[in-house]
Amino acid sequence: MTVVIGFEGSANKIGIGIIKDGEVLSNPRRTYITPPGQGFMPSDTAKHHRAVILTVLKEALEQAGLKPADIDCVAYTKGPGMGAPLVTVALVARTVAQLWGKPLLGVNHCIGHIEMGRLITQADNPTVLYVSGGNTQVIAYSERRYRIFGETIDIAVGNCLDRFARVIKISNDPSPGYNIEQMAKKGSQYVELPYTVKGMDVSFSGILSYIEVSGLLSCPTLMPPSLQETVFSMLVEITERAMAHCGSQEVLIVGGVGCNMRLQEMMGVMCEERGAKLFATDERFCIDNGAMIAQAGWEMFRSGQVTELEDSWITQRYRTDEVEVTWRD
Amino acid sequence: MAATNAERNHETSQLEFSLDVPFPSPREAAIALRSLSPDREPRKSGISKHLALTGSTLTAKWSADEARILRVSVNSFMDHLTLVMETMEMFGPPATQ
């Protein structure tokens, strides 16, 4: 029996989760929400996390019905993400690991998403589309690494959607992407927008500039459905390309943008056409959470990995393929 | 805790700031040190920070080119130190080894 506690806070969500042998015992989370028209800045986000993290930690233990002595390993997000929030969370993880006398494990945030997706959906060996506010990658497992087959060459798809939400000043509660999705459901007209797939990769930084310059913002309700259709089609295309390369029959969508039902629908159509199966999780696990870090930590710990305190520094840049996936053959 | 005022070292023309933080025991001071030392200073030039232990006291020493750089680093450190101390208060004392 192995019990791992995971700490996550690389963006505006701070979550702490506890996993025991594949069972999520607790997964409380708080989100730092900024006023409409504003994004979240590193030092304010860190301040938010500092204010709530110990409360969330208490909740995680209470909801799991556990005492610190019951924990076997303390996992935390080593990176990638925003510097100040990452440090805040790492500080608490390091401190409790020492107070409780437990080993520490630095986890790659992207791999946290993948391992949680695998656990919840039981997908065997899927092509993974990881899409969030900070990341957009198509990943496939091969020979002890999660290899990046395609990715954004500039900003993440979620970043594109979030910035659009800021420009039209819609609410960031519960998240800008969710509100864009609700607006998109009400529209049916499609306006053509620039479609930028570059081989295995995608680009999102130009599409917003185009929207602003073309005067399309004069009718803001027209944009959400067209923007979603365009960016999601791009994602479906590069996912399909990776599937063709790998001969894969499974797709797993992870990351906050993975909550979007229209994206799941469009990916589902492509999968059906290829006779492949689509896997996705709900907002508890799509959106950044502590349990996903605990789950990746659980896998790493059981395969013999540990992070020494001196090596536990956080890093804003941490490629998914930098980690040796010792827990899979 | 005690702090000396920021002084300019006339030989090196660096501003120097020193902070002493007492803890209830050497073990707790060591825990704080090991939590606070792994992360690198975000700004690579113009500031250096050195953490050390003397018994139950954690000492932090800064050397900076300019006052505003010093202020930013010391402010961050104070936020981080406060968080570590609050964590130790809430989840301490350290488990017996």
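Just after α6(A), Gly215(A) adopts a positive phi of about 80°; helices (H or I, at least four residues) and strands (E, at least two) are here DSSP runs, numbered from the N terminus. The model is a predicted one, in which local features need pLDDT of at least 70 and side-chain atom pairs count only at pLDDT 80 or more, while totals for chains, interfaces and linings use all residues. Residues are numbered from 1 along each chain as its sequence is written, chains are lettered from A and ligands numbered from 1 in the order in which they are written, and side-chain values use heavy atoms, with hydrogens and water left out.

Helix α6 of chain A spans residues 205–213, and within this helix Ile207(A), Leu208(A) and Ile211(A) are buried, that is, under 20% relative accessible area with a 1.4 Å probe and protein chains only. Because these residues cover an arc of only 95° around the axis, they lie on the same side of α6(A), the arc being that of the directions from the helix axis to the C-beta atoms. The buried residues of α6(A) pack against α4 (157–167) and α7 (223–246) of chain A, where contact means heavy atoms within 4.5 Å.

Rolling a probe the size of a water molecule over the atoms shows where empty space is left. On a 1 Å grid over the protein atoms alone, a cavity is a set of points where a 1.4 Å probe fits but cannot get out, a pocket is an open set with protein on both sides within 12 Å along at least five of seven lines, and lining residues have an atom within 4 Å of a point. A search of the whole structure finds 1 cavity of 30 Å³ or more, and the largest cavity holds about 40 Å³ of space. Its lining includes Ile114(A), Arg118(A), Tyr141(A) and Arg328(A).

The second largest pocket holds about 960 Å³ and is lined by 31 residues, of which Ala84(A), Val87(A), Arg40(B), Glu41(B) and Pro42(B) lie nearest its centre. Two or more lining residues come from each of α1 (42–64) and α2 (83–100) of chain A and α2 (67–91) of chain B, with α2(B) giving the most, 8 residues.

As for confidence, the model scores ipTM 0.94 and pTM 0.95. Chain B averages a pLDDT (the predictor's confidence in each residue, from 0 to 100) of 91, and 89% of the residues score at least 70.

How values were computed:
Grid points are joined across faces, edges and corners, and a volume is the space filled by probe spheres set on the points. Buried means under 20% relative accessible area, exposed over 50%, partly exposed in between (1.4 Å probe, protein chains only).
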